[in-house]
Every structure is written in structure tokens, then in C-alpha cells.
Amino acid sequence: MSEQTTSFINEVNRRRTFAIISHPDAGKTTLTEKFLLYGGAIRLAGSVKSRRSQKHAVSDWMEIEKQRGISVTSSVLQFDYSGYCINILDTPGHQDFSEDTYRTLMAADSAVMVIDCAKGVEDQTKKLFHVCKMRGIPIFTFINKMDRMGKDPFELMEEVESVLGIRSYPVNWPIGAGRDFKGVYNRQKKQIELFKDSNHGQSQGNVISGDINDPKFNELLGETLHSQLLSDIELLDMAGDEFDMEKILSGELTPTFFGSALTNFGVEPFLESFLEMTTPPTPRQSSNGLIDPKTDNFTGFIFKIQANMDPTHRDRIAFLRICSGKFEKGMSVNHVQVNKKVRLAQPQQFMAQDRVIVDEAYPGDIIGIHDPGIFRIGDTLCADNSKTKYEGIPLFAPEHFAKIFAKNSLKRKQFQKGITQLAEEGSIQVFKRPNIGIEELIVGVVGSLQFEVLEYRLKNEYGVDVIMERTPYRYIRWVEMEGFNPSKFSITMDTMIVEDEDSHPVLLFQNEWSINMVKERNETAVLKEISFRK
Ligand code: GDP
């Protein structure tokens, strides 16, 4: 094997590309910050503040978008830790929760699920979890905020199982909780790890470790905590699930860790075990079968397109996940969907807090490429002529729908152009009512902030003022049915039949009751929550 090849394989093997999924406020930002701290990418925790300012009203979003750097930078963070090259994909939450949040998960090889120990499994975590589950990627659980009183750890494990349908394997187990959270028992190393001061989370902190039966712990923990721990561990060993790497890698068993991101307790042991257990980039399904990341042929797919809000620069950045082969700056590749060559001249990468031009990159990495308006979400780039195409990126269910018209009907053309381009970028989905012209469109979005962004961008970039009327629809289902005929299809009074951009029939519902009724009345129809673009 040539030296070049060995170093290429090493580069692939040391990549870990993952997303952190959580409900807002569970501690995703804090945990990310601590990872960067351990990676040496920032010296004192607290520097990822710019990300925090993303929780804000639409006006701030515009400001931030104008400044570009910040929001683009926070889309992906790359840093080294203990020989690994880590890519953390940001999954926007809060108000800017959007289809992008879901799509980002298509580019991840695994996910870290952060759960607030007092709140348990919350709504947004559930939604994001389902996408990870659909992909069958490994999911690791970090139960956070153990420095505060929360639910009982056994209760949390049960909740994860009953709400998400995944079983847990606690890799470590908390010793005490709240103010008495002293550390964890590491079930793999079979040792107690007690945490010492971390300067309120600003530095890494020390650990005192040793065998569970070491008498010093009886003293350090006190009789009550120590015997509680012994009986918890006995129960886990007897009644809990066994450690099963295969099940972990296929997303059927989630290794679970307890800690406190704020005080750094348990963060480093978590990071270490997670990096060891999770996978480097794995083969991906394509039109030419499974593609091994270690093949020479460079391939990748676009999972996100971000528009430039600066009106003097109408270009966009397409985010490409590299799936195989080595990327080199300036290389020419085939844009498979349109059958054209493109040269990747100024690719960007996102190192900790900076954006830099990248000379080379490897499977697992994300690069930002200049998009003069030629790419669509899900497009594949491929260096050789094999025309390899990755499975497309699904359309995820919007949850908010509005009717939209141009205020001034003379601006119809610009209106259409704007809507088409924004739909291409994937920030909205557009629906038509059969037999009604494009004067009345229905747009669907995953997060309602997207409506405001849509209105703002149509005005600023396309010069069109619009009127939007929110509708009461909250659920969407794509209809799969032989010989679908809207006039013969039986729906409830409060349901609407529309078509998506590929003229595929779609139902909009106001409540789950109607979904069930429609299913009952149309037994041969399959109703899907996720669809693929043609
Ligand atoms: P995100 O919305 O998931 O990114 O959450 P943040 O990381 O911004 O955290 C939300 C709030 O919880 C902030 O005030 C954090 O300081 C706090 N927080 C995060 N982790 C912990 C923790 O381990 N313990 C405690 N007590 N607070 C935490």
C-alpha cells in the first residue's frame, strides 16, 4: 500500500461526524462549548456565545444573516481531539427550527441526544430522534444538568424507552444528584470517578478514580450514597440490557451517560467513550450500490443551501457532505443531476470559529461550495464518470401552512421566481390546489420563523410585497395510491387536498382525528409523513 493511501485511510478512520440533537435549553450549546474546550479549540469555555445569540427574534436573525460569518460558521464545527478529527453539525433549534434541522441529520454518521434530567424527553428531541432512527445511525444519550435535582435515573431510562422506543445501556451511572452529584460509576472500567472543582466549568477539572469497593469511597461518598450506588449497579447488571455493539451501531440501543455540561462533570469521559464507540464514515447507499468512503473516487451530496442575504452578492453556499475519496481544492467534478462538470474553486471549511479556504478534505467532512444557483438539495457530485447518485434527501413534514399572494398582481413574475428559488433552497415547500392557478399558493414550513424570513426575502431580494394568511392546517401526508382521484377520495370537512411541486397528491389536516378517519375511509391509500422529490 502506498504511503499516500495509508495516510488517506488514516484520515478517514479518524473522522467522527455527528449532530447533537436536543430540545431547546437542554444544554446543546454548553456541551458543544465544552467539547471545543477539551479539543483545545477555545481556551476558556464561553466563547461560543455567538451561537447563543441565535435564539432571538426575526430581526436579529436578519442582522446575523447580514453578517454572514456567524451563522455559516456555526453550521459545522471542526476540531481535533485526541487524534480524532471531529465534525459537529449544528441542528438549529428554537425559532429557527426548520427543515434544515432535519436535513442536517442526513449528513451525520451518528447523533448525540442531550436530555435535561429534570424535563426528560421533550418534543423537539422526539422529532429529531425519529429522523435518526429512520436512518439507523447510532444514537448516544447524554443526560444533562445532573448538578440540579431531576428525575430518577431509572425513570429517565424508562421514559426514553417508552417515548422513543429505544432501549438504553448506561455506560456510566450517576452518584448522587443535584448538589450531591459527586461523580459517576464507569461500568466499563468498573471504577468510580469523582469530579473535583472545574472552576465553575471554566476549566477541565480533576477526577479521583478507583475501584468501587475501595474503602476510600465509603468515606468520600458517605455510607448512604455508597450503598445506594452498589445496589443500583447490582440492579443494572442483573436486570439491564447487555452491552451490544451491533445494536448500538444500528441505533437499537443507546449508550447513556450522565453528567453536567455546565460544571464539566462527566463531559470528558462521555466524549472519550462516544468517540471510541461511534463509527467513522460508513459506506452509503447510492444508485451504484454501497459506496465505500475509502474508494479513490470523490463523491458527496448537498444537504443544505444557504442564501447570501447581502443584496450585492446573490450567490449561495451549498453544503456538501463528502462521502468518499479525497477532496482537493480546484478539482473538477460531475454534477450528476444535471450532467455537467463543475470546478470547486473556493471551497470553505469551518474550523472552530473561523471560515477558511480548504485545500483538501476527507470523507466525513463538510465543505461549503459557492453556488451560483445551480445546485439543489440532494444533488450528488462525483469525480469519475460513474454517475453515482446518492439517495435523495427527503421532504420532511411541514407543520405550518399559509396561503400566499403577491399584493400587486403586476409583480406576479417576480413572485413566482422568488417562490421557486426559495423552494429550491429548501426553506419552504410549495403546494397548489388542483384546478386553481398559481395566483393562490400554499406554503408549508417546519418552523414558523420561516414565514417571516420568506416575507422579508421576497420583499428584499425580489421586490415583492406579499399577503400571507395562516391556515389552521398542522399535519401533512403524502398520498400513495393507485389511480388517485381527488373527486372520489373521501376526506373530512376540515381536510384539504393539494399537490406538491411534483404534482403528487398531498393532504393537509387540522388534527390527528381526521388523519385516522381518512385512513379508515380510504383503505387502499398509504399516507406518508416523509416523501422524496422526484
Ligand atoms: P441549548 O438551547 O440546548 O443550546 O442550551 P444551552 O447550552 O444554551 O443551555 C441552556 C441553559 O441551561 C443555559 O442557561 C445553561 O447555562 C444551562 N445549562 C446547560 N448545561 C447545564 C448543566 O449541566 N447544569 C445546569 N445547572 N445548567 C446547565
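**Confidence, core and ligand shell of the predicted model**

Where pLDDT is low, the predicted coordinates should not be read in detail. For the chain as a whole, the mean pLDDT is 87, and 87% of the residues reach 70 or more. The complex is assigned an ipTM of 0.99 and a pTM of 0.89 by the predictor.

The secondary structure of the chain comprises 15 helices and 33 strands. Of its 534 residues, 43% count as buried. Among contacts between residues at least 6 apart in sequence, 70% join residues at least 24 apart.

The largest nonpolar core contains 123 residues, and those with the most contacts inside it are Leu105, Ala111, Val112, Met113, Cys132, Ile302 and Leu320. Strand β15 (residues 316-324) supplies the largest share of this core, at six residues. When residues up to four places away in sequence are set aside, Met113 touches Ile21, Ser22, Thr125, Phe129, Ile139, Phe140 and Thr141.

Around the ligand lie 16 residues, of which Gly27, Lys28, Thr29, Thr30 and Leu262 come nearest. Helix α2 (residues 28-38) gives the most to this shell, contributing three residues. Classified by type, the shell consists of six charged, six polar and four nonpolar residues.

Technical notes:
Residues are numbered from 1 along each chain as its sequence is written. This is a predicted model: local features need pLDDT of at least 70, side-chain atom pairs count only at pLDDT 80 or more; totals for chains, interfaces and linings use all residues. A nonpolar core is a set of buried Ala, Val, Leu, Ile, Met, Phe, Trp, Tyr and Cys residues joined through C-beta atoms within 7 Å. A residue is buried if 20 or more other C-beta atoms lie within 10 Å of its own, exposed if 12 or fewer, and partly exposed in between; C-beta atoms are placed from the backbone. Helices (H or I, at least four residues) and strands (E, at least two) are DSSP runs, numbered from the N terminus. Two residues are in contact if their C-beta atoms, placed from the backbone, lie within 7 Å. A residue is near a molecule or strand if its C-beta atom, placed from the backbone, lies within 6 Å of it. Ala, Val, Leu, Ile, Met, Phe, Trp, Tyr, Cys and Pro count as nonpolar, Asp, Glu, Lys and Arg as charged, and the others, Gly among them, as polar. pLDDT is the predictor's confidence in each residue, from 0 to 100.
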